[in-house]
Amino acid sequence: MDQLDKLENQSIFILREAYKKFDKLAMLWSMGKDSTVLIWLARKAFFGRVPFPAVHIDTTFKFPEMYAYREKYAKEWDLNLIVGTNQDAIRRGINYQNNDPVTVCHEMKTVGLQQMLAKEKWNGLIVGIRRDEDGTRAKEKFFSPRNIDFEWDYKDQPPELWNQFQSDYDKDTHVRIHPLLEWTEIDVWRYVQRENIPVVDLYFAKNGKRYRTLGCMPITKPVESDADTIEKIVEELKNTKVSERVGREQDHSQRYAMQKLRAKGYM
Amino acid sequence: MQDDPISNQKTMTSSSGLPTTHDPRLTTSLRIVFVGHVDHGKSTLVGRLLAETNSLTPQRIRNVEEICKEKGMKFEYAFLLDALEEEQDQGVTIDVSQVFFKSSKRPYSIIDAPGHKEFLKNMISGASTADVAILLIDAEEGLREQSKRHATLLSLLGVKTILIVINKMDLVDYKKEVFDAIRAEYEKHLASIKVTPHAFIPLAAYYGENLIKRSQKMSWYQGPSLLETLDSLDPPASSVDKPLRFPLQDVYKFDKQRIFAGRIESGSLSVGEELLFLPSKKTGVVKSIEKWHPPKSAGGQARQKASAGESIGIVLEDQIFVERGEVACRPDTAAQVTNSLFVHIFWMGNLHLEKGAKCILKLTTQEVECVVEAILKVINSSTLDEISKSSRSVAKNEVAELILVTKKPIVFDPFDAVTETGRFVLVHDRQVRGGGIILKAAEPMVAI
């Protein structure tokens with residue numbers, strides 16, 4: 001069993017635990033490589049099906065290629081796609097021209113998710129974050145509770161021993177399930193390559209630039225790269241000196257930005 | 001997966017028997033946990049290790065440089081891991097961080113565990129997943145309560161490979177006598193809990209002495225550096241050669257057929273084989289092993305065999321009704337079934353665990369109510385002193401010998417025989433508050 005087999009089997013185990021333990025389960029799908037790998041793993045875990053909704057919290061600021069990809073594969077993979085947008089924030093004129101990235105991310109993603117959760121009453125939410133992305137995500141658990149205000153109590157997290165995950169909480173608490181925590185960026189790409197998973201074209205270099213992560217268009221910048229195939233991306237990542245989320249402005253707009261965003265319920 | 005010669009009969013019979021895949025050492029990562037007393041330098045060592053193996057981006061290092069400059073302190077390697085504001089302000093690790101690095105030999109994942117007693121459950125949580133534990137001791141301070149407590153807990157958690165690093169050798173002028181004295185004292189303690197460390201390594205993490213390369217300042221030490229030692233370790237032994245234990249995780253009825261889903265914890269199973277499900281004692285023959293492959297891929301061929309670590313589904317020849325929690329075994333190497341367990345536990349709850357307390361015992365996918373029938377012994381996990389023979393309760397951070405009586409029969413193996421089915425957690429008031437290992441059934445076994 002190689003590294004990818006190990007990761008795949010562990011993620012499938014976690015997905016099946018979540019499916020057994022939460023009666024109102026959903027998966028966040030941003031159309032990025034990580035949450036698309038999650039969809040793929042769910043199809044493996046449940047023999048070709050994704051037996052819960054795939055939820056896109058739409059900030060309305062995504063790349064056109066991402067919307068096209070969403071429509072195509074939601075259909076092809078027979079997903080129960082639910083799209084939610086914080087309409088109230090749009091009416092109030094929240095956007096990247098008027099507001100700083102942390103505010104927009106909080107309003108459009110965290111509050112947008114809060115509204116969806118209040119409506120749909122999900123108690124389990126599968127999210128494709130990884131520990132190697134960021135110092136606060138490095139401290140995440142596989143089953144990570146959030147209270148009614150979406151707060152993450154990172155100072156008192158439940159112990160996780162031997163694949164026993166805590167899932168029994170009050171009804172106002174929801175649990176974030178993180179099947180990809182132990183994957184690294186290069187694992188994800190090797191898996192995309194091995195499984196031949198379609199990804200958004202923006203990841204591949206054009207005119208010397210490519211997107212290493214995909215977020216909102218105004219605050220997501222491409223990196224210098226000539227990697228126009230998955231093979232080249234894997235090679236590039238072996239030697240890179242730049243962190244994955246360097247092109248994501250919200251992370252770097254202020255010190256401890258991710259801690260502040262995540263403590264309030266950001267993914 | 002379809003190229004794996006072990007799990008595919010066709011490849012196995014047509015090949016010469018030699019594995020066709022490359023050495024898994026090159027691709028599977030080793031999981032290391034760093035533990036030790038709060039100020040003995042774990043995060044510094046890990047930070048330095050990341051920096052020296054080029055696992056950090058220049059930007060990350062610049063960020064830490066800026067923070068340190070603002071705070072008016074010298075470069076703090078620990079900040080590369082302790083990313084929370086309050087961790088950096090107080091200089092302590094609050095919760096585990098998992099980080100990744102690569103040597104020329106293989107990838108590693110590091111769990112940096114908090115050393116403060118208050119965060120012991122976080123340390124336990126981190127250490128429970130490790131292949132190797134590195135226990136740090138400050139050369140100047142010597143052994144502390146936590147150094148001893150951590151070793152006890154590591155042995156209870158079943159971490160087989162333990163390396164001892166005597167850190168901050170720079171503070172004692174790299175003297176051999178200091179190293180020898182601490183080593184002798186610690187070896188004595190470890191022997192009393194039957195732990196044989198793999199190595200003792202003198203080190204100065206902040207200066208990188210003996211970290212990657214052998215130190216010139218400690219020529220009296222003939223052994224390999226820390227990274228050389230890690231690279232020389234064998235990958236963790238797989239449970240594939242143990243008896244089959246396949247706990248059911250769920251039963252899916254998506255189409256007409258019932259698929260029994262789960263992960264094989266140990267051993268292997270093949271199509272055509274008869275399985276015994278415990279505790280129900282029902283039997284069934286494996287008709288097929290189910291694994292999904294995308295429609296157009298070549299991997300759609302039927303699997304004949306699956307082994308430890310694989311999350312699979314099986315379909316049986318005849319319909320039988322078994323649920324999550326049943327454990328499939330082979331009839332001739334079945335697990336044990338009992339209502340009464342003799343166990344060692346560590347307790348993490350703020351409230352004491354009392355004699356007569358009711359908990360939920362979770363072992364693989366089994367969940368059964370249990371009662372603390374007897375507290376035989378309570379041990380202070382740092383001094384190993386027996387607190388009391390007739391104690392009526394177990395306090396936070398203590399280790400105890402108990403008899404647990406379960407309401408329904410539980411399927412298990414002694415921890416020494418099959419690790420995966422020999423350990424459990426205790427849920428009390430909806431929270432995981434204890435963990436433990438099973439020594440044996442306390443009562444005569446339920447006849448099967």
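Predicted model: local features only at pLDDT ≥ 70, side-chain atom pairs only at ≥ 80, totals over all residues.
In chain A, helix α2 (residues 33–45) packs against helix α6 (residues 185–195) with an angle of about 50° between them and a distance of 10 Å between their axes. On the α2(A) side the contact is made by A:Lys33, A:Asp34, A:Val37 and A:Trp40, which meet A:Val188, A:Tyr191, A:Val192 and A:Glu195 of α6(A). Classified by residue type, this contact of α2(A) with α6(A) comprises 5 nonpolar and 3 charged residues, with no polar residues.

In chain B, helix α5 (residues 120–127) is largely enclosed by the rest of the structure, since 8 of its 8 residues are buried. The buried residues of α5(B) are B:Leu120, B:Lys121, B:Asn122, B:Met123, B:Ile124, B:Ser125, B:Gly126 and B:Ala127. Their cover includes the strands β1 (30–36), β3 (107–112), β4 (132–138), β15 (336–347) and β23 (431–441) of chain B, together with helix α6 (145–157) of chain B.

Contact between the chains involves 48 residues of chain B and 43 residues of chain A. On the side of chain B that touches chain A, at least two residues each are supplied by helices α3 (58–71) and α5 and by strands β2 (97–102), β7 (246–252), β8 (259–263), β13 (311–316), β22 (423–428) and β23 of chain B. Among these, β2(B) gives the most, with 4 residues. By class, the residues on this side of chain B divide into 18 nonpolar, 18 polar and 12 charged.

The domain assignment divides chain B into domain 1 (24–232), domain 2 (240–333) and domain 3 (336–441). The centres of domain 2 and domain 3 of chain B, taken over C-alpha atoms, are separated by 30 Å, and 14 residues of domain 2 of chain B are in contact with 10 residues of domain 3 of chain B. Strand β7(B) provides the largest share of the side of domain 2 that touches domain 3 in chain B, namely 3 residues. The residues of that side of domain 2 of chain B comprise 6 nonpolar, 4 polar and 4 charged.

Technical notes
Residues numbered from 1 in each chain as written. Chains lettered and ligands numbered in written order. Axes fitted to C-alpha atoms, helices over the stretch in contact; angles between N-to-C directions. Contact = placed C-beta atoms within 7 Å. Nonpolar A, V, L, I, M, F, W, Y, C, P; charged D, E, K, R; others polar. Buried ≥ 20, exposed ≤ 12 C-beta atoms within 10 Å, placed from the backbone. Domains from an automatic or database assignment.
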